[in-house]
Amino acid sequence: MITLKTEDEIELMRQANLLVGKTLAEIAKVIAPGVTTRQLDTLAETFIRDNGAEPTFKGCPNPYGQPFPGSICTSVNDTVVHGIPDDTPLKDGDIISVDCGTLLNGFNGDSCYTFCVGEVAPEVKHLLKVTKESLYLGIEAAKAGHRLGDIGYTVQQHAEEAGYGVVRELVGHGIGHEMHEDPMVPNYGRRGSGILLKNGLCIAIEPMITMGDKAIFMMPDRWTIKTRDHKPAAHFEHTIAIHHGKADILSSFREVEEIESKRA
(Lines give C-alpha, C1' and ligand atoms only; values in the text may rest on other atoms or scores of the structure.)
Protein backbone atom coordinates (compact mmCIF):
# COMPACT_ATOMS: atom_id res chain seq x y z
CA MET A 1 0.00 0.00 0.00
CA ILE A 2 1.35 3.42 -0.98
CA THR A 3 1.13 6.10 1.71
CA LEU A 4 1.33 9.74 0.61
CA LYS A 5 3.04 12.05 3.10
CA THR A 6 1.74 15.35 4.45
CA GLU A 7 3.72 18.61 4.39
CA ASP A 8 4.73 18.10 8.04
CA GLU A 9 5.81 14.52 7.40
CA ILE A 10 7.92 15.56 4.41
CA GLU A 11 9.75 18.07 6.61
CA LEU A 12 10.44 15.39 9.23
CA MET A 13 11.75 13.15 6.48
CA ARG A 14 13.97 15.98 5.27
CA GLN A 15 15.63 16.16 8.69
CA ALA A 16 16.35 12.42 8.69
CA ASN A 17 17.76 12.61 5.17
CA LEU A 18 19.90 15.67 5.81
CA LEU A 19 21.47 13.74 8.69
CA VAL A 20 22.35 10.98 6.22
CA GLY A 21 24.07 13.59 4.04
CA LYS A 22 26.05 14.87 7.01
CA THR A 23 27.04 11.30 7.92
CA LEU A 24 28.30 10.66 4.39
CA ALA A 25 30.30 13.88 4.67
CA GLU A 26 31.96 12.62 7.87
CA ILE A 27 32.93 9.50 5.95
CA ALA A 28 34.19 11.57 3.00
CA LYS A 29 36.64 13.32 5.35
CA VAL A 30 38.47 10.10 6.21
CA ILE A 31 38.22 7.86 3.14
CA ALA A 32 41.76 7.06 2.05
CA PRO A 33 44.00 4.09 1.29
CA GLY A 34 44.61 2.09 4.48
CA VAL A 35 41.29 2.93 6.14
CA THR A 36 39.08 -0.09 6.84
CA THR A 37 35.36 -0.25 6.17
CA ARG A 38 34.84 -1.22 9.82
CA GLN A 39 36.41 2.10 10.82
CA LEU A 40 33.97 3.89 8.51
CA ASP A 41 31.10 1.93 10.04
CA THR A 42 32.11 2.86 13.61
CA LEU A 43 32.43 6.51 12.63
CA ALA A 44 28.99 6.52 10.99
CA GLU A 45 27.21 4.80 13.86
CA THR A 46 28.74 7.14 16.44
CA PHE A 47 27.85 10.23 14.42
CA ILE A 48 24.27 9.10 13.80
CA ARG A 49 23.64 8.26 17.47
CA ASP A 50 25.33 11.47 18.66
CA ASN A 51 22.77 13.36 16.55
CA GLY A 52 19.82 11.67 18.23
CA ALA A 53 19.02 9.13 15.52
CA GLU A 54 19.40 5.40 14.98
CA PRO A 55 21.29 3.69 12.13
CA THR A 56 18.41 1.97 10.36
CA PHE A 57 20.50 -0.68 8.63
CA LYS A 58 21.93 -2.16 11.83
CA GLY A 59 20.04 -5.35 12.62
CA CYS A 60 17.78 -5.05 9.57
CA PRO A 61 16.96 -8.64 8.51
CA ASN A 62 17.37 -10.01 5.00
CA PRO A 63 14.80 -12.42 3.48
CA TYR A 64 16.63 -15.27 5.25
CA GLY A 65 16.16 -13.65 8.66
CA GLN A 66 19.82 -12.71 9.07
CA PRO A 67 20.35 -9.25 10.66
CA PHE A 68 22.74 -6.87 8.89
CA PRO A 69 25.76 -6.49 11.17
CA GLY A 70 26.79 -2.95 10.18
CA SER A 71 25.37 0.55 10.40
CA ILE A 72 26.29 1.32 6.77
CA CYS A 73 26.72 -0.80 3.67
CA THR A 74 30.28 -0.57 2.33
CA SER A 75 30.44 -1.95 -1.21
CA VAL A 76 33.92 -1.98 -2.76
CA ASN A 77 34.70 -2.27 -6.49
CA ASP A 78 32.69 -5.21 -7.90
CA THR A 79 30.32 -5.28 -4.90
CA VAL A 80 27.09 -3.66 -6.05
CA VAL A 81 25.28 -3.36 -2.72
CA HIS A 82 25.09 -4.67 0.86
CA GLY A 83 28.82 -4.93 1.45
CA ILE A 84 29.46 -5.80 5.12
CA PRO A 85 32.02 -3.62 6.93
CA ASP A 86 35.20 -5.52 7.85
CA ASP A 87 38.90 -5.07 8.59
CA THR A 88 40.11 -5.09 4.99
CA PRO A 89 41.98 -1.83 4.26
CA LEU A 90 40.90 0.22 1.26
CA LYS A 91 43.50 0.42 -1.51
CA ASP A 92 44.56 3.19 -3.84
CA GLY A 93 42.34 2.99 -6.94
CA ASP A 94 39.35 1.39 -5.19
CA ILE A 95 35.84 2.76 -5.35
CA ILE A 96 33.43 2.30 -2.45
CA SER A 97 29.68 2.83 -2.36
CA VAL A 98 28.53 3.85 1.10
CA ASP A 99 24.79 3.38 1.65
CA CYS A 100 23.46 4.95 4.84
CA GLY A 101 20.10 5.08 6.58
CA THR A 102 18.86 6.93 9.66
CA LEU A 103 15.70 6.84 11.74
CA LEU A 104 14.95 10.25 13.27
CA ASN A 105 11.66 11.41 14.83
CA GLY A 106 9.89 8.33 13.45
CA PHE A 107 10.93 8.80 9.83
CA ASN A 108 13.67 7.30 7.70
CA GLY A 109 16.44 8.82 5.62
CA ASP A 110 18.31 6.87 2.94
CA SER A 111 21.09 7.88 0.56
CA CYS A 112 24.18 6.40 -1.08
CA TYR A 113 27.34 7.87 -2.57
CA THR A 114 30.18 6.15 -4.43
CA PHE A 115 33.60 7.48 -3.41
CA CYS A 116 37.00 7.28 -5.08
CA VAL A 117 39.89 6.04 -2.94
CA GLY A 118 43.11 7.76 -3.98
CA GLU A 119 43.81 7.80 -7.72
CA VAL A 120 41.08 5.98 -9.61
CA ALA A 121 41.31 4.93 -13.27
CA PRO A 122 39.63 7.38 -15.69
CA GLU A 123 37.26 4.73 -17.07
CA VAL A 124 36.02 3.98 -13.55
CA LYS A 125 35.57 7.68 -12.80
CA HIS A 126 33.44 7.86 -15.94
CA LEU A 127 31.22 5.06 -14.60
CA LEU A 128 30.66 7.11 -11.43
CA LYS A 129 29.94 10.26 -13.46
CA VAL A 130 27.33 8.56 -15.64
CA THR A 131 25.69 6.81 -12.67
CA LYS A 132 25.31 10.08 -10.79
CA GLU A 133 23.96 11.75 -13.94
CA SER A 134 21.41 8.95 -14.35
CA LEU A 135 20.23 9.55 -10.78
CA TYR A 136 19.58 13.25 -11.39
CA LEU A 137 17.92 12.58 -14.75
CA GLY A 138 15.64 10.07 -13.02
CA ILE A 139 14.83 12.67 -10.38
CA GLU A 140 13.92 15.20 -13.11
CA ALA A 141 11.42 12.66 -14.48
CA ALA A 142 9.75 12.32 -11.08
CA LYS A 143 6.91 14.80 -11.54
CA ALA A 144 3.26 14.71 -10.57
CA GLY A 145 1.32 13.36 -13.52
CA HIS A 146 4.23 11.26 -14.80
CA ARG A 147 4.40 7.54 -14.13
CA LEU A 148 6.87 5.34 -12.31
CA GLY A 149 8.14 3.86 -15.57
CA ASP A 150 9.27 7.32 -16.70
CA ILE A 151 11.89 7.32 -13.93
CA GLY A 152 13.26 3.88 -14.76
CA TYR A 153 13.23 4.53 -18.49
CA THR A 154 15.25 7.72 -18.06
CA VAL A 155 17.86 6.07 -15.83
CA GLN A 156 18.15 3.05 -18.12
CA GLN A 157 18.52 5.09 -21.31
CA HIS A 158 21.33 7.24 -19.96
CA ALA A 159 23.30 4.33 -18.50
CA GLU A 160 22.90 2.02 -21.47
CA GLU A 161 23.76 4.74 -23.98
CA ALA A 162 27.13 4.93 -22.20
CA GLY A 163 27.57 1.17 -22.62
CA TYR A 164 26.89 0.23 -19.01
CA GLY A 165 24.67 -2.41 -17.43
CA VAL A 166 21.56 -1.64 -15.38
CA VAL A 167 20.96 -4.11 -12.56
CA ARG A 168 17.44 -5.54 -12.69
CA GLU A 169 17.11 -7.49 -9.44
CA LEU A 170 17.76 -4.52 -7.13
CA VAL A 171 15.48 -1.47 -7.12
CA GLY A 172 14.64 1.74 -5.31
CA HIS A 173 11.65 1.94 -3.01
CA GLY A 174 9.08 3.97 -1.18
CA ILE A 175 10.18 5.33 2.19
CA GLY A 176 8.63 6.91 5.28
CA HIS A 177 7.94 5.42 8.71
CA GLU A 178 9.55 2.27 7.27
CA MET A 179 12.82 2.16 5.38
CA HIS A 180 11.27 0.08 2.60
CA GLU A 181 7.69 0.88 1.60
CA ASP A 182 5.67 0.59 -1.59
CA PRO A 183 6.22 1.20 -4.43
CA MET A 184 9.30 -0.51 -5.82
CA VAL A 185 11.25 1.90 -8.06
CA PRO A 186 13.14 0.04 -10.83
CA ASN A 187 16.04 1.62 -12.71
CA TYR A 188 14.61 0.39 -16.01
CA GLY A 189 11.19 0.50 -17.61
CA ARG A 190 8.87 1.90 -20.24
CA ARG A 191 7.72 5.48 -20.46
CA GLY A 192 4.09 5.94 -19.43
CA SER A 193 3.95 2.65 -17.49
CA GLY A 194 3.45 2.03 -13.78
CA ILE A 195 1.68 3.96 -11.07
CA LEU A 196 0.78 7.62 -11.42
CA LEU A 197 3.13 9.91 -9.47
CA LYS A 198 1.28 12.17 -7.02
CA ASN A 199 2.16 14.91 -4.57
CA GLY A 200 3.20 13.40 -1.24
CA LEU A 201 4.85 10.33 -2.73
CA CYS A 202 8.26 9.75 -1.11
CA ILE A 203 10.67 7.40 -2.84
CA ALA A 204 14.35 6.51 -2.88
CA ILE A 205 15.76 6.54 -6.42
CA GLU A 206 19.01 4.58 -6.57
CA PRO A 207 20.67 3.62 -9.86
CA MET A 208 22.97 0.60 -9.51
CA ILE A 209 25.05 0.59 -12.67
CA THR A 210 27.76 -1.86 -13.77
CA MET A 211 30.77 -1.24 -15.97
CA GLY A 212 30.20 -4.57 -17.72
CA ASP A 213 27.33 -7.01 -17.81
CA LYS A 214 24.28 -6.40 -15.62
CA ALA A 215 24.36 -9.95 -14.18
CA ILE A 216 24.90 -10.21 -10.42
CA PHE A 217 25.19 -12.92 -7.77
CA MET A 218 24.91 -13.25 -3.99
CA MET A 219 27.85 -14.27 -1.82
CA PRO A 220 27.48 -17.08 0.77
CA ASP A 221 26.96 -14.47 3.53
CA ARG A 222 23.53 -13.88 1.91
CA TRP A 223 24.07 -10.13 1.96
CA THR A 224 26.90 -9.14 -0.37
CA ILE A 225 25.85 -8.71 -4.03
CA LYS A 226 28.63 -8.71 -6.66
CA THR A 227 28.83 -8.37 -10.43
CA ARG A 228 29.15 -11.74 -12.11
CA ASP A 229 31.97 -10.53 -14.37
CA HIS A 230 33.72 -8.85 -11.39
CA LYS A 231 33.81 -5.48 -13.12
CA PRO A 232 33.15 -2.38 -10.97
CA ALA A 233 29.69 -1.11 -10.06
CA ALA A 234 28.53 2.33 -8.91
CA HIS A 235 25.55 3.28 -6.76
CA PHE A 236 24.12 6.72 -6.06
CA GLU A 237 20.85 7.33 -4.19
CA HIS A 238 18.65 10.22 -3.14
CA THR A 239 15.39 10.22 -1.23
CA ILE A 240 12.85 12.55 -2.83
CA ALA A 241 9.30 13.74 -2.29
CA ILE A 242 6.89 14.68 -5.06
CA HIS A 243 6.18 18.13 -3.69
CA HIS A 244 4.30 20.96 -5.40
CA GLY A 245 4.28 18.91 -8.58
CA LYS A 246 7.99 18.12 -8.89
CA ALA A 247 10.80 16.26 -7.17
CA ASP A 248 12.06 17.77 -3.91
CA ILE A 249 15.40 16.15 -3.01
CA LEU A 250 15.30 15.51 0.74
CA SER A 251 18.83 14.09 1.06
CA SER A 252 21.99 15.98 0.15
CA PHE A 253 25.36 15.46 -1.54
CA ARG A 254 26.36 19.09 -0.99
CA GLU A 255 28.65 18.50 2.00
CA VAL A 256 30.31 15.49 0.36
CA GLU A 257 30.91 17.35 -2.89
CA GLU A 258 32.40 20.31 -1.01
CA ILE A 259 34.92 17.96 0.62
CA GLU A 260 35.69 16.26 -2.69
CA SER A 261 36.22 19.59 -4.46
CA LYS A 262 38.89 20.57 -1.92
CA ARG A 263 40.78 17.35 -2.68
CA ALA A 264 40.66 17.82 -6.46
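Analyst: Strand S2 (residues 72-76) is largely enclosed by the rest of the structure, because four of its five residues are buried. This is a predicted model. S2 is joined by five bridges to strand S4 (residues 95-104), and the two run antiparallel. Within that pairing, cysteine 73 stands opposite aspartate 99 of S4.

Serine 111 sits in strand S5 (residues 107-116). With a relative accessible area of 0%, serine 111 counts as buried because the limit is under 20%. A polar atom of the serine 111 side chain lies 2.7 Å from the backbone oxygen of glutamate 237.

The nonpolar packing can be taken next. The largest nonpolar core has 51 residues, and those touching the most other members are Ile27, Leu40, Ile96, Phe115, Ile151 and Ile205. H1 supplies the largest share of this core, seven residues. Leucine 40 touches Ile72 and Ile96, and also Ile27, Val30, Ile31, Val35 and Leu90, again leaving aside residues up to four places away in sequence. A second, separate core has 12 residues, among them Phe57, Phe68, Cys202 and Ala241.

There is also an open sheet of five strands, in the order S8-S7-S9-S14-S15, with antiparallel pairing. Its edges are strand S8 (181-185) and strand S15 (246-249), each of which pairs on one side only. Neighbouring strands in this sheet are turned by 30° against each other on average, direction ignored. Inside the sheet, strand S7 (residues 172-174) and strand S9 (residues 202-205) run antiparallel and are joined by two bridges. Glycine 174 has isoleucine 203 of S9 as its bridge partner.

Two helices pack on this sheet. Helix H1 (residues 7-30) touches S9, strand S14 (238-243) and S15, and its direction makes about 165° with that of S14. Helix H4 (residues 148-161) touches S8 and S9, and its direction makes about 40° with that of S8.

H4 has 14 residues and reaches 21 Å from its first C-alpha to its last, close to the 20 Å expected at 1.5 Å a residue. Its buried residues are Leu148, Gly149, Asp150, Ile151, Gly152, Val155, Gln156 and Ala159. These buried residues pack against S8 and S9, and also against helix H3 (122-140), strand S6 (165-166) and strand S10 (208-210). Just after H4, glycine 163 takes a positive phi of about 90°.

Tyrosine 153 lies in helix H4 too. Tyrosine 153 has a relative accessible area of 22%, so it is partly exposed, the limit for buried being under 20%. Tyrosine 153 touches Tyr188, Gly189, Arg190 and Arg191, with residues up to four places away in sequence not counted. Leucine 201 is 48 residues from tyrosine 153 along the chain, and their C-alpha atoms are separated by 19 Å.

Notes
Residues numbered from 1 in each chain as written. Predicted model: local features only at pLDDT ≥ 70, side-chain atom pairs only at ≥ 80, totals over all residues. Heavy atoms only, no water. Pairing = 2+ DSSP bridges. Axes fitted to C-alpha atoms, helices over the stretch in contact; angles between N-to-C directions. Contact = heavy atoms within 4.5 Å. Expected span 1.5 Å × (residues − 1). Buried < 20%, exposed > 50% of the residue type's maximum accessible area, 1.4 Å probe, protein only. Polar contact = N/O pair within 3.5 Å; in protein donor to acceptor, adjacent residues only side chain to side chain. Core = buried A, V, L, I, M, F, W, Y, C linked by side-chain atoms within 4.5 Å.
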